[in-house]
Amino acid sequence: VGPVAADTCFQRGGCWYFLGYSGDPGLVLDENLQAVASPLLYQTEYFLLDGGWITLWKDGVQSVVRGAEQWPLPAGWEDSQLICAREEQIFLTGPERWAAWTPQTGALAVFPGALESVDRDPVTGAGCCRVSLSDGSRRLTTPDGAVLFDGLPEDAFPSLLGGLCQLSRGDSTTILSPDGTVLLRRYWDDGMD
């Protein structure tokens, strides 16, 4: 890529990316100094996602970039928020719906609710999504939309532990089975259990 001065670097998904420049425009380089995107540093907004994905705004259009390929967001999702990337999928959300999008094939699976985050079960490694519903409750789903837990309290911060649901609140931690049965509840008092 010619003479390049490294401006800063990022680590995403186990890979290092260097934001460099050789005059203008700027380049995003992988650990082998291969250009994976060429956003204009001062005219383009961009953000690095996991797995080598980069999202950028250019000329009023939001796109994702990976390697030398670039895809505009699907029709009807141009102003959506990109939550994260996992393997070959990009997760998008709006106020009332969210989607798992595979740019290479164009496949778009749409589900109800607003996607808050995509995580992994710390025990099984399986993907899980935290979704806000219009009634104020929350839902945990798989990345393909299958419901794992439904009707979680709005003020709880849910996570999965080997298929069990852990709800953390200001005054307690609760462990639930998949059918909603409370297996354990631990109350907190002034930070002491």
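Is Leu152 buried or exposed, and what is its relative accessible area? Leu152 is buried, with a relative accessible area of 3%, where buried means under 20% relative accessible area, exposed over 50% and partly exposed in between (1.4 Å probe, protein chains only). The legends below describe a predicted model, in which local features need pLDDT of at least 70 and side-chain atom pairs count only at pLDDT 80 or more, while totals for chains, interfaces and linings use all residues. Residues are numbered from 1 along each chain as its sequence is written, and side-chain values use heavy atoms, with hydrogens and water left out.

View A. Leu152 lies in strand S16, residues 147-152, strands being DSSP runs (E, at least two residues) numbered from the N terminus. Leaving aside neighbours within four places in sequence, Leu152 is in contact (heavy atoms within 4.5 Å) with Ser137, Arg138, Leu140, Pro158, Cys165 and Leu167. Leu152 and Arg139 are 13 residues apart in sequence, and their C-alpha atoms are 6.1 Å apart in space.

View B. Thr141 belongs to strand S15, residues 138-141, and is buried, with a relative accessible area of 2%. When residues up to four places away in sequence are not counted, Thr141 touches Trp98, Gly127, Cys128, Cys129, Val131, Ala146, Val147 and Leu148.

**View C. The largest nonpolar core.** A nonpolar core is a set of buried Ala, Val, Leu, Ile, Met, Phe, Trp, Tyr and Cys residues joined through side-chain atoms within 4.5 Å. The largest such core has eleven residues in all, among them Trp53, Val64, Trp71, Leu82, Ile90 and Trp101. Two or more residues of this core come from each of strand S9 (81-86), strand S10 (89-93) and strand S11 (97-102). Apart from neighbours within four places in sequence, the contacts of Val64 include Trp53, Trp71, Leu73, Leu82, Ile90 and Trp101, as well as Glu69, Gln70 and Pro103.

**View D. The open sheet S17-S18-S19-S20.** Four strands, in the order S17-S18-S19-S20, form an open sheet with antiparallel pairing, two strands being paired if DSSP finds at least two bridges between them. Strand S17 (157-161) and strand S20 (182-187) are the edge strands, each pairing on one side only. The twist averages 15° from one strand to the next, with axes taken as lines fitted to C-alpha atoms and angles running from 0 to 180 degrees between N-to-C directions. Strand S19 (residues 172-176) runs antiparallel to S20 and is joined to it by five bridges; the bridge partner of Ile175 in S20 is Leu184.
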